[in-house]
Amino acid sequence: MLDKLIATHIDELRRLCNESAHLSFTEAEMIWFGYFEANYLFFSTMLVSKGAPYFRTRFLEFMMDELREEVDMNEERNRGLNKEVVVRYAVSAVVGIMEWWFMNEKPLHRSRWPSQLACF
């Protein structure tokens with residue numbers, strides 16, 4: 001049952017990624033955080049709980065797949081770097097921010113995320 005629930009949420013996030021492919025990173029993040037907020041109980045339980053490593057692993061793999069396509073190695077800041085390292089760095093940052101957001105019970109309203117994520 002848990003596997004099906006996890007797959008359902010990952011599939012929905014994948015759908016949101018596909019639909020927001022034409023948006024900027026921060027605009028797409030707003031859509032994602034809206035989804036996380038609407039499904040707060042599930043994601044806070046899965047990301048904050050140490051008892052859900054299977055979800056975290058699947059979620060990180062999903063994020064890696066999505067961001068791998070987005071990282072432009074021709075950008076000045078990425079030139080000469082290993083693409084896998086750049087992608088893992090970005091995924092770790094985004095997932096870390098999400099975990100912090102859930103652990104601290106949404107300390108920032110999602111309307112403030114674009115200005116907070118401008119570094120990406």
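These legends accompany several close-up views of a predicted model. Local features need pLDDT of at least 70 and side-chain atom pairs count only at pLDDT 80 or more, while totals for chains, interfaces and linings use all residues. Residues are numbered from 1 along each chain as its sequence is written, and side-chain values use heavy atoms, leaving out hydrogens and water.

**View A. The largest nonpolar core holds 31 residues.** A nonpolar core here is a set of buried Ala, Val, Leu, Ile, Met, Phe, Trp, Tyr and Cys residues joined through side-chain atoms within 4.5 Å; buried means under 20% relative accessible area, with exposed over 50% and partly exposed in between (1.4 Å probe, protein chains only). Look for Leu 13, Trp 32, Phe 36, Phe 55 and Phe 59, the residues with the most contacts inside this core. Helices H1 (2-19), H2 (25-38), H3, H4 and H5 each supply at least two of its residues, and H5 gives the most, with nine. Helices are DSSP runs (H or I, at least four residues), numbered from the N terminus.

View B. Contact means heavy atoms within 4.5 Å.

**View C. Phe 42 pairs with both Phe 43 and Phe 55.** The structure holds 16 aromatic pairs, where rings of Phe, Tyr and Trp (its six-membered ring) pair if their centres lie within 6.5 Å; planes under 30 degrees apart count as stacked, over 60 as edge-to-face and the rest as tilted. With ring centres 5.1 Å apart and planes at 85°, Phe 42 and Phe 43 are edge-to-face. Phe 42 and Phe 55 are also edge-to-face, with centres 5.5 Å apart and planes at 85°. This second pair links distant parts of the chain: Phe 42 belongs to helix H3 (residues 40-48) and Phe 55 to helix H4 (residues 53-70), 13 residues apart. Phe 42 counts as buried because its relative accessibility is 12%, and Phe 55 is buried at 1%.

**View D. Val 95 is a buried residue of helix H5 (residues 83-103).** Its relative accessibility is 1%. Leaving aside neighbours within four places in sequence, Val 95 is in contact with Arg 56, Phe 59, Leu 60 and Met 63. The C-alpha atoms of Val 95 and Leu 60 are separated by 7.8 Å, although the two residues are 35 apart along the chain.
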